[in-house]
Amino acid sequence: MVANQKQLTLATLLPLTRAYDLRLEPQALQAKLRLYTEMLQDIHPAALQVAVKDVICTERFFPSISTIREKALSVMAYVTGTGYIQADEAWSMVLTAIQKGGFEGGRLMLPAMLRKITENFGWRDLCYGDETSLPTKRAQFMKFYDAEVKRRVDCERFTKMVESSPVLSQLMQQCVRAEEQKLLDVSFDVDVEEKEPVPDVGVHDYESLKRYMTEKGMFKD
């Protein structure tokens, strides 16, 4: 990384020293900041800035490098790619939908978000199996559901933060345009079967159609 990147990373991390009472000697504080800068300089400064703001708001103690990195990477994941019910309630809704609608119609009875989660988990696995496997399925589904909800909540929390950063907003738009261009490139690469033009046999009205069909033995009075 160039020196400018290190300087940007250091400047982004400085608010942490004002938000937390570290009680470190100046030399020790400088060494800590150098280490954090070295380990986090590969992250986009705008994403790092959002992560620093988030940890200041949510962490009681000075965050570890891994905590900052995880949050910053989550911001980047959100840029470049809903209140929620509890997991046990979601499980009850899924069971009710299966009982009433079965494999084919059950999914349509679920809210869109829950329907997507069941599809990712495996709708067929939820619908079929004996009763002895039900407790295991319940535990697996609730764990999967909680993880998915946490991911979505994190994305929602970052929404306003990202929107407040012109750099990240612009980066998101660039990523969207790049994906759209990929789709366009793929569509143009698809081979279109060339078909021979349909010959003009002179059929333009009822009388010409009748005459043509009579000649071909397709029409009889």
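This note goes through the fold, the aromatic contacts, the cysteines, a pocket and a few individual residues of the structure.

1. Basis of the note. The model is a predicted one, in which local features need pLDDT of at least 70 and side-chain atom pairs count only at pLDDT 80 or more, while totals for chains, interfaces and linings use all residues. Residues are numbered from 1 along each chain as its sequence is written, and side-chain values use heavy atoms, with hydrogens and water left out.

2. Overall fold. The chain holds 10 helices and 0 strands, where helices (H or I, at least four residues) and strands (E, at least two) are DSSP runs numbered from the N terminus. From the N terminus on, the order of elements is therefore α-α-α-α-α-α-α-α-α-α. Of the 221 residues, 29% count as buried, a term that stands for under 20% relative accessible area, with exposed meaning over 50% and partly exposed in between (1.4 Å probe, protein chains only).

3. The structure contains 7 aromatic pairs, counted when the ring centres of Phe, Tyr and Trp (its six-membered ring) lie within 6.5 Å, with planes under 30 degrees apart called stacked, over 60 edge-to-face and the rest tilted. One of these joins Phe-121 and Phe-141 in an edge-to-face arrangement, at 5.6 Å centre to centre and with 85° between the planes. Because Phe-121 belongs to helix α6 (residues 112–121) and Phe-141 to helix α8 (residues 134–163), this pair ties together parts that are 20 residues apart in sequence. Phe-141 is buried, at a relative accessible area of 0%.

4. The ring cluster. Trp-91, Phe-121, Phe-141, Phe-144 and Tyr-145 are linked into a cluster by ring pairs. Trp-91 is placed in helix α5 and is buried, with 6% relative accessible area. Although Trp-91 and Tyr-145 are 54 residues apart along the chain, their C-alpha atoms are separated by 9.0 Å.

5. A charge over a ring. The charged end of Arg-107 sits over the ring of Phe-103, 5.6 Å from its centre; the rule asks for NZ of Lys or CZ of Arg within 6 Å of the ring centre and within 35 degrees of the ring normal.

6. Cysteines. A disulfide is a covalent bond between the sulfur atoms of two cysteines. With the criterion of a pair of cysteine sulfur atoms within 2.5 Å, the count comes to 0 disulfides. Cys-57 is exposed, at 66% relative accessible area, whereas Cys-127 counts as buried at 17%.

7. The second largest pocket. This pocket, with about 190 Å³ of space, has a lining that includes Leu-95, Ile-98, Gln-99, Cys-127, Tyr-128, Asp-130 and Lys-137. The elements giving two or more residues to the lining are α5 (87–105), α7 (123–127) and α8, and α5 gives the most, with 3 residues. The lining divides into 6 nonpolar, 3 polar and 3 charged residues, where Ala, Val, Leu, Ile, Met, Phe, Trp, Tyr, Cys and Pro count as nonpolar, Asp, Glu, Lys and Arg as charged, and the others, Gly among them, as polar. On a 1 Å grid over the protein atoms alone, a pocket is an open set of points with protein on both sides within 12 Å along at least five of seven lines, and lining residues have an atom within 4 Å of a point. The volume is the space filled by probe spheres set on the points, which are joined across faces, edges and corners.

8. Backbone at Arg-23. Most residues other than glycine have a negative phi. Arg-23, however, has a phi near 55°, a positive value in a residue other than glycine. Arg-23 is found in the loop between α1 (3–19) and α2 (26–40), and counts as exposed at 75% relative accessibility.

9. Two partly exposed helix residues. Ser-74, in helix α4 (residues 65–79), is partly exposed at 27% relative accessible area, and its C-alpha atom is separated by 8.7 Å from that of Ala-51, 23 residues apart along the chain. Lys-53, in helix α3 (residues 45–58), counts as partly exposed at 47%; the C-alpha atoms of Lys-53 and Thr-12, 41 residues apart along the chain, are separated by 9.7 Å.

Methods
On a 1 Å grid over the protein atoms alone, a cavity is a set of points where a 1.4 Å probe fits but cannot get out, and a pocket is an open set with protein on both sides within 12 Å along at least five of seven lines; lining residues have an atom within 4 Å of a point.
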